[in-house]
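Please keep the sequence and the model in view while reading.

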Protein chains: 2
Amino acid sequence: MPSDITHDPAEIRRQCRAGTFDGYTAGLAPGRVQANLMIVPRAQAYDFAVFCQRNPKPCPVLDITDPGDPEPRAIAPGADIRSDLPRYRVFRHGELVDEPTDITDLWRDDLVGFLIGCSYTFEDAMVAAGLPIRHVEEGVNTSMYRTGRDCAVSGGFAGPMVVSMRPMTPEQAATAVEVTRPYVRAHGAPIHVGDPAALGIADIDSPDYGDRVTIKPGEVPVFWACGVTPQTVVLNAKPEIAISHAPGHMFVADIESTSLLD
Amino acid sequence: MPSDITHDPAEIRRQCRAGTFDGYTAGLAPGRVQANLMIVPRAQAYDFAVFCQRNPKPCPVLDITDPGDPEPRAIAPGADIRSDLPRYRVFRHGELVDEPTDITDLWRDDLVGFLIGCSYTFEDAMVAAGLPIRHVEEGVNTSMYRTGRDCAVSGGFAGPMVVSMRPMTPEQAATAVEVTRPYVRAHGAPIHVGDPAALGIADIDSPDYGDRVTIKPGEVPVFWACGVTPQTVVLNAKPEIAISHAPGHMFVADIESTSLLD
C-alpha cells in the first residue's frame, strides 16, 4: 500500500476510483470521518429516511445526495459515491447479487445515497487513549453481528440491529465509553459490554459480517451499533435495487472527526 | 390557569383538546421536551425530511408520524397532533390562511407530522443556572426573527433561518452556552451573541414572530436557532397544505428533557 493512502482522504478515493485500492479502510485517514453507504431509489428513499430517523444509534445520517447526483456535498465536495469506495454490495429485490468495486454502470437518475456515520471515525481517538483496535492489529475486517434487537420499523424497512465488536479489558471498556460517547453521529457509546447472549448473539466466534478477531484472556467483547444495519433491513424491504458499501470498505470523507462532536 | 396544567404534559394536552387552554407553553411542564410541529402531505415529506437533515441546528427531528397517523409515538404515545397543541397555523399554497386551535377537520390520510426540537426544552435548566427568561418574566411570547442566513436547500424547501432571542448579560451568555450546548436536539448552543446586524436582523425591537421583550442596560441579545424556520420555508415550497404550531404554542411531550442529552 502506498504510504500516502494512509492519511489523505482524496488520495484514498482517487485510488478507489482508479481501481488500485479495494481494501479495508479501518486505520486509514486518522482524524477523518468514515461513512457507511446505502443507495436506494427515490421511491423507497422516504421510508428509508424515516427508518434512519427512528434508529439514530445504528443510522446517524451525515449526508443525503439529491436524486441522480452522486456527489456527497456535505461531507466530501467533489467526491463520487459511484466509484470512490473500495468495494460495494448490490442487492436486487432483497438479494445480494454482486460485490463490485465500481457501480457507475448501475447508476440511475432516481438513485439517492445516504451516508451514515461509522465507528471507524473514532478509532484513532481510541488508539490515542491507549485502547486496542484488534481488527487493525490483526489486519482483518471488523467483527460484526446481527443482534436479536429489532429496529424501529418504517414502511418495509425492518430488521435486527447490527453491531460491531472490539475486545478489551473491562477497565479499557470504561475508557472506551468515555472516549466514544461524544461521537453521537458515529454511533457514540457502546450499546453493550460483556455478554453476547444478552444481545442475542449465539457464537461470538462466528461474526455475521467481517472476520473473527482474537479475544484475549481477561478481555470482554464491547459492542457498538453499526451502520451495516441497513444491509439487513434491505433484505426485508426488498427494493428493486439497493447498493451499499461492502462491510469494512467505507467511504472516507473530507470532514474531520471532531466536526461530529456535539 | 389551573395549577396542574403547569407540570403535567398529559393535562396540558387534555386542556388543549378540550379547548380550555390556547396559550403560550414557555415555562410549562419543566423537565419535559417541547416540540415544534410541521405537517405536510406525504408528497412533500421526503423533501422536507431531507431539509431537516441538512439543517440540523434549526430542525432537529424528534419524531415523524406515519402518513395519516396523528400519534407521535416516540415522544408522547397516545397523544394526537390534531388537537393537542394550543394553537396552529394553516398554510395553503404558501399563504398563511388560518390560526385555529384544532385541525381535526383538516386531517387527511396522506398527512405526515414532523416534531422538531424546541429551545423551551432547556429553559428550566437555564432558570436553574440563574439565567433570565425574559419572555416568561414578562408573560409574553418569545422574540423570534428571520435572519439573513439561508438554510441549505432541499427541493422547494428554501429560506432563511429563524432564531429565538433571550437577553442577558455577557457573563450570563457564557453560562447559557455551557448549559444549552448539550441539548443538541433542542437547538443546542446559541448561534450568535451580541450583534443583531451580524445575523441580518435590522431592528431588534421588531421581531418577525412573537413579542418584543425588554433588553435591560448591560444586556446583549443571545440568539438560538429556532424551529419556526419551517414556517418560513413553506412560504417558498408552497405545498398545497401545511400545518404548523403557532409560534410559542408548542407540543408538550411526555419524554424528559434529559432524554435529549447526548
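The model is a predicted one. Chain A contains 6 helices and 11 strands. Its radius of gyration is 17 Å, close to the 18 Å that the globule rule gives for 262 residues, so chain A is as compact as a globular protein of that length. Taken along the principal axes, the box filled by the C-alpha atoms of chain A is roughly 50 × 40 × 35 Å. Among the 262 residues of this chain, 51% count as buried. Of the contacts in chain A with a separation of 6 or more, 77% are between residues 24 or more positions apart.

The contact between the chains may be considered next. On one side stand 9 residues of chain A, in contact with 10 residues of chain B. Helix 2 and strand 2 (61-64) of chain A each contribute at least two residues to the side that touches chain B. The largest share of that side, 5 residues, is supplied by helix 2 of chain A. By class, the side of chain A that touches chain B comprises 7 nonpolar residues, 1 polar and 1 charged.

How do the two copies of helix 2 meet? Two packed helices are described by the angle between their axes and the distance between the axes. Helix 2 (residues 42-54) of chain A and helix 2 (residues 42-54) of chain B have axes that come within 9 Å and cross at roughly 40°. The two helices are therefore oblique to each other, and helix 2 of chain A passes helix 2 of chain B in a left-handed crossing. Chain A makes this contact through A:A45, A:Y46, A:A49 and A:V50, and chain B through B:A45, B:Y46, B:A49 and B:V50. The helix-to-helix contact has 8 nonpolar residues, with no polar and no charged ones.

Two details of the backbone remain. Most residues other than glycine have a negative phi. A:A29, although not a glycine, has a positive phi of about 45°. This residue lies in the loop between helix 1 (9-18) and strand 1 (32-41) of chain A. Is A:A29 buried or exposed? Because A:A29 has 25 C-beta neighbours inside 10 Å, it counts as buried.

In chain B, B:K238 is a residue other than glycine with a positive phi, near 50°. B:K238 is placed in the loop between helix 6 (229-237) and strand 10 (241-245) of chain B. With 14 C-beta neighbours inside 10 Å, B:K238 counts as partly exposed.

Definitions and conventions: Residues are numbered from 1 along each chain as its sequence is written. Chains are lettered from A and ligands numbered from 1 in the order in which they are written. This is a predicted model: local features need pLDDT of at least 70, side-chain atom pairs count only at pLDDT 80 or more; totals for chains, interfaces and linings use all residues. Helices (H or I, at least four residues) and strands (E, at least two) are DSSP runs, numbered from the N terminus. The radius of gyration is taken over C-alpha atoms; the globule rule is 2.2 Å times the number of residues to the power 0.38. A residue is buried if 20 or more other C-beta atoms lie within 10 Å of its own, exposed if 12 or fewer, and partly exposed in between; C-beta atoms are placed from the backbone. Two residues are in contact if their C-beta atoms, placed from the backbone, lie within 7 Å. Axes are lines fitted to C-alpha atoms, for helices over the stretch in contact, and angles run from 0 to 180 degrees between N-to-C directions. Angles under 35 degrees count as roughly parallel, over 145 as roughly antiparallel, 65 to 115 as roughly perpendicular and the rest as oblique. A crossing is left-handed if the near helix is turned anticlockwise from the far one by less than a right angle, and right-handed if clockwise. Ala, Val, Leu, Ile, Met, Phe, Trp, Tyr, Cys and Pro count as nonpolar, Asp, Glu, Lys and Arg as charged, and the others, Gly among them, as polar.
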